[in-house]
Amino acid sequence: MASYVIILVIVGYLSLLFAIGIWADRRSKSKWVHNPWVYALSLAVYCSAWTYYGSVGIAATSGVSFLTTYLGPIIALPLWILVLKRIVVISKQYQVASIADFISLRYGNKRSIGALVTIICVIAVFPYIALQLKAVSETFDILSGSSKSVSIFTDSTFYIAVLLAVFVALFGTQTTDASRRRSGLVFTVAVESVLKLVFFLIIGVYVTFYLFDGTTDIYSQISALDGFEKLATFSNIEASINWYFMIALSFFAIFLLPRQFQVSVVENTSISHLKKASWVFPLYLLLFNVFVIFIAWAGKLLLSGELNPDYYTLYLPLAHGHKFLGLMVFLGGLSSVISMVVVSALALSTMISNNLIIPYGFIKALNDSDPKRNAQRIKNVRRVSIFILIIGAYFFYVNFNIELSLFSIGLIAFVIIAQLAPAFFIGLFWNRGSAIAAKTGIIVGSLVTFYTLVLPFITEVFVDGSSLIKNGPAGIALLKPYELFGVDFMPPVTHAFFWSMVFNVMFYLVFSVLQKGDYRERNYAELVVNASSYGELQENAFVWRGEAYVSEIRKALIRFLGEKRTTRALNLFYRKYDIDPQEEKADARLVNFSEKLLTGSIGAASAKLMISSVVKEQPVSLPEVLKILEENKETITINKQLQQQSHDLKRLSDRLKNANQALVEKDRQKDEFLDTVAHELKTPTASIRAASEILFDDDDMPVELKKKFLDNIVNDSDRLAALITNILDLEKLSNGREVMDKKQHSLRDTLHKAVDGVYQLALKKQVKVDIDEIESINLYYDEDRILQVFTNLLSNSIKFVSSKDGVIKVKIQLTDTTVLMIFEDNGKGIPQEDMEFIFDKFYQSNNQNVKKPMGSGMGLAISRHIIESHHGSIKVDPDFVNGARFIVELKK
Amino acid sequence: MKKILIVDDEPNIVMSLEYAFKKQGYSVFIARDGSEALVIMEREIPDLVILDVMMPQVDGYETIKMIKSNPAFAKAKVIFLSAKSKAADIEKGLKLGADQYFTKPFSVKKLVTAVDHLIRA
């Protein structure tokens, strides 16, 4: 395939990635970008070119051991999720932006330890990046069929490296706060993870089912070859030990590799995403390994032994003339290279700027400058680091032209990175681990690695048949780099891993026990080790004593965050702790808060340096630290309890208040009712008493008058009796104690009975009562009660129409489900403002003194209760103007 | 002859009172509410008014305010006769300028005595 075609494809592919990155950056909140799948897939940045090409190579040469790199993460999965969750929580709380930040935070924000971690990471990852570029270059050559370019200006890999550096600089350094998420970059990594897996599976299926007749076919052919046993099984106990160490090694790598820490911790947007990742990521690794062994066997069977087995995936389709498939494999490999290089460069550049350059060289300069320039400087430091890392790795690869397989350089990187493991993992669970111990462990472990792995590696490359490896330094056999202290049964990588870990852990433990570390170290150790119990203390989890002025701290913050962000952050802080913004002296909480604020921009160690340069700190003894922390914890717990209690009390008192209000209202209604009843009873009683008194005292009263008085007494007594009956009736009805005696009755008959009942009354006042002629309708109701309603309505009407021309009409209307009874008169009608109240018992107008109740004042109230007991309704028609119109509605 | 105005909307009570006071030799006038009462007062200038509180249209409290504000009625005595018997009601009636407050039910004899006392004193 012609070079320019491949270059066009590469350029097209990179442009696509740029477009996707920009798109995702703009939509960082959308559900397409912010979701657990993107997180889980971005973790697959773990699978670099080493996985994509190298595992086939190792499967071809050493059999199943390629699996260890992937089995480690899969086997240790439950532990991984558990530990990762904790790390993510702590990192979010303290704005951790890299693994160097995390480890230096654990050991008291010491800049030396952050720098050491950074150096270790750079040493491990730099050649690893070079290896990725080598893979791109070699696959490009295989695909184009050309040999290696002589000049870098004609080497396509150089341009790819430059483009990658631009990509990282563009998406990775938009803000100075390195703990902020970069959604565009993460999204492209996730997309690439999908592409590389799909392409790899396609080539796997192609090899297994197109070139061969399935897995059994390959197996039967390969098993016929010599030396097959060696490739498919563990020959001895040593090989099994090797397996376990390799699994442990890859387990460490999944936490400690800067790019893994970047995607799994720094770029994590939600802790809940871990759940999805806990099964998607191992499943991804499994899928990636399904065809590895078959591709390796197929390569062995079909290709010449001289070809590099790392690139069997590429050679196989090309050898069969399938150029398009070859191009696809190349793109898959390129994807895995891009994501690895991009994320690694981003992570390392952050570490270099925040943990190396700023705390050791720049801090003074930054201290004297304005926020805009500072932000620009920090960004520039990172951008320069990115270019140096990537372009430097390119030159490293070109100049040293490492004649090594992808797999071995990858493993060396793993062993070097693993030196951080004791400080990282033990420090996570053991609060005694101290900074000096961590540093000593890392340095000693690294030296051992250098001696047992890197040194012989280099001498092997440059000096053929070195006596160092064969005989040991100065002929001391015990110090032979590959067989230290006589341990001769392990392959070099396992051997180096074993001895470096032994020394590393030993020094870490011994120094931790011997040297306690200062109070600050212990303070941070407590925060990390007991993260769950100190988490809610937040700024209170930090012990600090000394003299500090808010204005000084403020100035320091403004230098990095700018006026606006600083003011906003401080206002939040003041509100959170209810502190007077006018307060001049800063307390421990503000000091800690400010350190955290700066951590994202300049790293934890620099933040500490920055803040301590503006405050005067006094040392606190270790027991004091622990005591203060304990006290703060207790205070928070007590506060919480008090808050809960006062909340409960408030709720209870609200409920009491409501209940009391209801009672008061009920009481008021009862009083009102009794008042009205008393008043209603008093009027006829007064009348009876007055008449009786006069009759009693006056014997010579004319008989006519006497009869008149006696008649009044009888009427008033009737009125009293009716009143009492009605009161009792109403109380019974409104309490729901009266049971309706419902039977089937003819509505027409009942209406006629009601009209007959008021006949005498109507006759006396010469009022006409008309009933519409209606067909007989049968309904279920209590006839006595319904009759009472009708009679009440009719006698009210008779009372209010004028005699002689008064007319009362009764009509019936049927609807689908109800029957309407309409009582109409041409009397004086009901005032608009009274309509709402006429069905209340003892209804009286707003001004109590003005209107006396008509009749007993309870007729309509009783009627309403009766109708409601029949699930019907009674209302007055507000639009009827020629008199009063009542509408009774009953269900059919 | 001394003039008495009875203001009440209960016809049976009015009938008893009219009989009792006429027998005592008073000239008796009757009104069913405040507005009627004021019309009669303009005309007759009674010596004493017996006033119910709860009446249609203009109530007893409004009526006494109008009586007291008119200098023409300065000499007219006022007795409240009401079913409202709470201490607050009585106090309110007396504060508005009533000379006496009778609660229903009442003794005709005592009312007549009180009237005699007020007018003849």
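Mentor: In this predicted model, the contact between α31(A) and α33(A) brings Thr750(A), Leu751(A), Lys753(A), Ala754(A), Val755(A) and Gly757(A) of α31(A) against Glu783(A), Ile786(A), Leu787(A), Phe790(A), Thr791(A) and Leu794(A) of α33(A). Sorted by class, this contact comprises 7 nonpolar, 3 polar and 2 charged residues. The spacing of the contributing positions may be read against a general rule: an α-helix has 3.6 residues a turn, so residues three or four places apart point the same way.

The geometry of the pair can now be stated. Two packed helices are described by the angle between their axes and the distance between the axes. Helix α31 of chain A covers residues 747-757 and helix α33 of chain A covers residues 783-800; their axes come within 9 Å and cross at roughly 50 degrees. The two helices are therefore oblique to each other, and the crossing of α31(A) and α33(A) is right-handed.

The axes of helix α20 (residues 421-429) and helix α23 (residues 492-514) of chain A come within 9 Å and cross at roughly 45 degrees. That angle makes α20(A) oblique to α23(A), and the crossing of α20(A) and α23(A) is right-handed. Here Pro422(A), Ala423(A) and Ile426(A) of α20(A) meet Asn504(A), Val505(A) and Tyr508(A) of α23(A). The class count for this contact is 5 nonpolar, 1 polar and no charged residues.

Helix α14 of chain A may be considered by itself. Several of its residues are buried, among them His273(A), Leu274(A), Ala277(A), Phe281(A) and Leu285(A). Pro282(A), Tyr284(A), Phe288(A) and Asn289(A) in α14(A) are buried as well.

Chain A also touches chain B, in a contact that takes 17 residues from chain A and 22 residues from chain B. On the side of chain A, α29 (622-697) and α30 (703-734) each supply at least two residues. The largest share of that side, 11 residues, comes from α29(A). By class, the side of chain A that touches chain B has 5 nonpolar, 6 polar and 6 charged residues.

Some backbone details remain. Most residues other than glycine have a negative phi, and most peptide bonds are trans. Gln766(A), although not a glycine, has a positive phi near 55 degrees. This residue lies in the loop between α32 (759-765) and β4 (768-771) of chain A. With 11 other C-beta atoms within 10 Å, Gln766(A) is exposed. In chain B, Ile45(B) likewise has a positive phi, of about 45 degrees, without being a glycine. Ile45(B) is found in the loop between α2 (34-44) and β3 (48-51) of chain B. Ile45(B) has 14 other C-beta atoms within 10 Å and is therefore partly exposed. Finally, the peptide bond that joins Lys104(B) and Pro105(B) is cis, with omega about -5 degrees. Pro105(B) is located in the loop between β5 (100-103) and α5 (108-120) of chain B.

Definitions and conventions: Residues are numbered from 1 along each chain as its sequence is written. Chains are lettered from A and ligands numbered from 1 in the order in which they are written. This is a predicted model: local features need pLDDT of at least 70, side-chain atom pairs count only at pLDDT 80 or more; totals for chains, interfaces and linings use all residues. Axes are lines fitted to C-alpha atoms, for helices over the stretch in contact, and angles run from 0 to 180 degrees between N-to-C directions. Helices (H or I, at least four residues) and strands (E, at least two) are DSSP runs, numbered from the N terminus. Angles under 35 degrees count as roughly parallel, over 145 as roughly antiparallel, 65 to 115 as roughly perpendicular and the rest as oblique. A crossing is left-handed if the near helix is turned anticlockwise from the far one by less than a right angle, and right-handed if clockwise. Two residues are in contact if their C-beta atoms, placed from the backbone, lie within 7 Å. Ala, Val, Leu, Ile, Met, Phe, Trp, Tyr, Cys and Pro count as nonpolar, Asp, Glu, Lys and Arg as charged, and the others, Gly among them, as polar. A residue is buried if 20 or more other C-beta atoms lie within 10 Å of its own, exposed if 12 or fewer, and partly exposed in between; C-beta atoms are placed from the backbone.
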